[in-house]
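I opened the notebook to record what I looked up in this structure. The entries follow the order in which I checked things.

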Amino acid sequence: GGTFAPSLFLGGVLGAGFHNIISDSLRSISHVYPELSAYPIFEGISGLPAFAMVGAASVLAALFRAPLTASLLLFECTRNYDVIL
């Protein structure tokens, strides 16, 4: 076992879990307080794959202490600059 692939897996799982918690929380809050639905955050958040990719890059950057490398690796994996922005 190395550290590269497990860090990507752990970060992806944590990012996906964070997305699920936040989206369920926002959905519950908007049902309880319908007047808050006018705020832009309640219109929707980014998709689950975006959270998983950012989580994977974040854990990789923290583990290897190389944030620029993790950001560039995220771009190389997705071939999409919007993920970095």
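I started at the end of α2, where R65 comes next with a positive phi near 55°. I keep in mind that this is a predicted model.

α2 covers residues 48-64. I noted 17 residues and a reach of 24 Å from the first C-alpha to the last, close to the 24 Å expected at 1.5 Å a residue.

Next I asked which residues of α2 are buried. I listed F51, A52, G55, A56, A57, L60 and A61. I looked for what covers these buried residues, and the cover includes α1 (4-32) and α3.

I looked up the largest nonpolar core and found five residues: A57, L60, A61, A70 and L74. The elements giving two or more residues to this core are α2 and α3 (67-78). α2 gives the most, with three residues.

I picked A61 from the core for its contacts. Apart from its neighbours within four places in sequence, A61 is in contact with A66, P67 and A70. A70 is also one of the core residues.

Last, I checked F64, which lies in helix α2.

Definitions and conventions
Residues numbered from 1 in each chain as written. Predicted model: local features only at pLDDT ≥ 70, side-chain atom pairs only at ≥ 80, totals over all residues. Heavy atoms only, no water. Core = buried A, V, L, I, M, F, W, Y, C linked by side-chain atoms within 4.5 Å. Buried < 20%, exposed > 50% of the residue type's maximum accessible area, 1.4 Å probe, protein only. Helix = DSSP H or I, 4+ residues; strand = E, 2+ residues; numbered from the N terminus. Contact = heavy atoms within 4.5 Å. Expected span 1.5 Å × (residues − 1).
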